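This briefing concerns the architecture and packing of a single chain. Please consult the sequence and the coordinates shown below while reading.

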Amino acid sequence: PEINARIEMNKAKITFSDIQSMVAAGTGKDIADKIRDKLKAFSQVEQGLMLERQAREENTILLSNWVIIFGAVFVVLLSLLFSFFIISLIKKQLKKTADVANEVASGNYDVKIKLQNEEDSLGRALQEMTTKLKINEIKLEKEKNKLEEQSWIKTKQTELVEKLQGCRDLNRFASILISGLVPALDAQLGLFYFKEKRDEKV
């Protein structure tokens, strides 16, 4: 392109005297003034456009900031609402579990323990604990009954031994023994057989 421009310049037949006459007539100054005016106008337009663009950018930044602030506030409020919902749900489940635990603590091992979901490890542990407590209560009851029975037998035995102590008469011995055993065993009737020896016959 530069070579073509030079070729075009060389085609113009302007001499040095033509340039001198143009300078003398002030043509160059007028052209320079016009160019300067056009450059000044262009600079002003460009500056106005830059200010307008800067104002638009500031508005965009301000709008973006408001969108970010409102978005952040919305997300925080939504998170708080969701948190309150989750907390109330957990509190409700814990209250149900606590009520069941209180029932078990008061001795009601037949209370129905409903699991909240598949991963309700607290409910599952409560179920297992209740089952074990019920089994242990049954074992303890059996052991208590056994001990009471043994205690009853020992008490009755002691009472009979005390009454029979020093008794040498067989009839009196039988009477004391029967009168002690019949009521203790809730029997209707008590008999005591004597074996007498008469010539080796009963």
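The model is predicted. Its secondary structure consists of five helices and zero strands, arranged from the N terminus as α-α-α-α-α. With a radius of gyration of 59 Å, against the 17 Å that the globule rule gives for 202 residues, the chain is more spread out than a compact globule.

**Overall dimensions and surface**

- The C-alpha trace of the chain spans about 190 × 35 × 25 Å along its principal axes.
- Of the 202 residues in the chain, 8% are buried.
- The chain exposes about 18300 Å², and carbon and sulfur atoms supply 61% of that area.
- Among the contacts in the chain with a separation of 6 or more, 29% are between residues 24 or more positions apart.

- In soluble globular proteins, nonpolar side chains tend to be buried together.

**Thr-130 in helix 4**

- Helix 4 covers residues 121–164 and includes Thr-130.
- Is Thr-130 buried or exposed? Its relative accessibility is 4%, which is under the 20% cut-off, so Thr-130 counts as buried.
- Leaving aside neighbours within four places in sequence, Thr-130 is in contact with Val-104, Tyr-109 and Ile-113.

**Helix 5**

- Helix 5 has 15 residues, numbered 170–184. From its first C-alpha to its last, helix 5 reaches 21 Å, close to the 21 Å expected at 1.5 Å a residue.
- The buried residues in helix 5 are Ala-174, Ile-176, Leu-177, Gly-180, Val-182 and Ala-184.
- Which helix do the buried residues of helix 5 pack against? They pack against helix 4, the helix in which Thr-130 is found.
- Asp-186 follows helix 5 and has a positive phi, near 55°.

How values were computed. Residues numbered from 1 in each chain as written. Predicted model: local features only at pLDDT ≥ 70, side-chain atom pairs only at ≥ 80, totals over all residues. Heavy atoms only, no water. Helix = DSSP H or I, 4+ residues; strand = E, 2+ residues; numbered from the N terminus. Buried < 20%, exposed > 50% of the residue type's maximum accessible area, 1.4 Å probe, protein only. Contact = heavy atoms within 4.5 Å. Expected span 1.5 Å × (residues − 1). Rg over C-alpha atoms; globule rule 2.2 N^0.38 Å. Areas by Shrake-Rupley, 256 points an atom, 1.4 Å probe, with all protein chains shown as cover.
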